[in-house]
Amino acid sequence: MTDIRSVEALRSLYREPSERARRKQLDRLDEHCRRFVSLSPFLVIASTDADGRVDASPRGGDPGFVKIFDERTVLIPDSPGNNRLDSLHNLIGRPGVGLLFMIPGVDETLRINGKASLRTDAALIDLCASERRRPPLVIAVEVREAYLHCAKALMRSKLWDSGAKQDRSVLPSMGQMLRDQLGSPGEPESNEAMRERYQADL
């Protein structure tokens, strides 16, 4: 096994990127990026801690739950999760962040890289509040890079293809998996019970 330890060695394995691939990176959100964010109900936020360990966390809501403040700022309301606050801890010490937005049925994705801050300004909270809840804070991301990512990965994975969908029964329930991992006693929570419990806090 040979490790790649230089950019030159890495580049020798690949063609040069096309001119279009080089030029598509923007330093702001144009109309197409803004439209993509407004239609997206799901994103993954990537951050790193002080030791360089990387965390990727899913975030979801109704389409457009992420608000566009202006062409260089997006606002992500923080919704209830497991309260580990891994991403939020990371962003306090290292504000660099990567976002990947997805729209069900669309194979392209939108990538945004930037600098995040955790905000509790009443005006920003009001902007991100929904009928159901008012977030305790908002992740404000200053856009440094934004670009539409090609469809190849989602085409290869057939992510939105109904024929590729797995029945939930291919895996044990989350309760069973957690019991096995943690050695917890007692009967594991069923998927149905877990979904019902989650429903009250979505």
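Okay, let's start with a definition: contact means heavy atoms within 4.5 Å of each other. Helices and strands here are DSSP runs, numbered from the N terminus, where a helix is H or I with at least four residues and a strand is E with at least two.

Before the tour, some ground rules. This is a predicted model, so to speak of a local feature we need pLDDT of at least 70, and side-chain atom pairs count only at pLDDT 80 or more, while totals for chains, interfaces and linings use all residues. Residues are numbered from 1 along each chain as its sequence is written, and side-chain values use heavy atoms, with hydrogens and water left out.

First, the overall picture. The protein has 8 helices and 7 strands. Its C-alpha trace spans about 60 × 50 × 40 Å along the principal axes. Of its 202 residues, 27% are buried. Buried means under 20% relative accessible area, exposed means over 50%, and partly exposed is what lies in between, with a 1.4 Å probe and protein chains only. If you take the contacts with a separation of 6 or more, 61% of them come from residues 24 or more positions apart.

The accessible surface comes to about 13,900 Å², and 51% of that belongs to carbon and sulfur atoms. Areas like this come from the Shrake-Rupley method with a 1.4 Å probe; for residues, only the protein chains shown count as cover.

Now let's go to helix 4, residues 86-93. Which residues of helix 4 are buried? They are S87, L88, N90 and L91. Look down the axis of helix 4 and these buried residues fall within an arc of 160 degrees, so they line one face of the helix. The arc is taken from the directions from the helix axis to the C-beta atoms. And what covers them? The cover includes strand 1 (42-48), strand 2 (54-60), strand 5, strand 6 and strand 7. On the face turned away from the buried side, you'll find the exposed residues H89, I92 and G93.

Helix 3, residues 31-39, can be read in the same way. Its buried residues are C33, F36 and V37. Seen down the axis of helix 3, they fall within an arc of 95 degrees, so they line one face of the helix. Covering them are, among others, strand 3 (67-70), strand 5 (96-102), strand 6 (109-119) and strand 7 (138-149). The face turned away carries E31 and R35, which are exposed.

Have a look at the start of helix 3 too. There, a side-chain oxygen of D30 reaches to within 3.1 Å of the backbone nitrogen of H32. That's a polar contact: a pair of N or O atoms within 3.5 Å, where within protein one must be able to donate a hydrogen and the other to accept it, and residues adjacent in sequence count only if both atoms are side-chain atoms.

Here's another one, out in a loop. R132 sits between helix 5 (122-128) and strand 7, and its side chain reaches the backbone oxygen of Q199 at 2.9 Å. Leaving out residues up to four places away in sequence, R132 touches Q199, A200, D201 and L202. Compare that with H149: R132 and H149 are 17 residues apart along the chain, and their C-alpha atoms are separated by 32 Å.

On to charges. Side chains of opposite charge can pair when their charged atoms come close. For a salt bridge, we ask for a side-chain nitrogen of Lys or Arg within 4 Å of a carboxyl oxygen of Asp or Glu. How many salt bridges does the structure hold? There are 15.

One of them joins R119 and D121, with the closest N and O atoms 2.7 Å apart. R119 is partly exposed at 31% relative accessibility, and D121 is partly exposed at 30%. Another joins E16 and R11 at 3.6 Å; E16 counts as exposed, at 51%, while R11 is partly exposed, at 35%. Then there's R197 with E189, at 2.8 Å from N to O. Salt bridges that share partners also join D27, R28, E71 and R72 into one network.

E189 turns up again in another place. S173, in the loop between helix 6 (152-157) and helix 7 (174-182), is buried at 16% relative accessibility. Leaving aside neighbours within four places in sequence, S173 is in contact with R168, E189 and N191.
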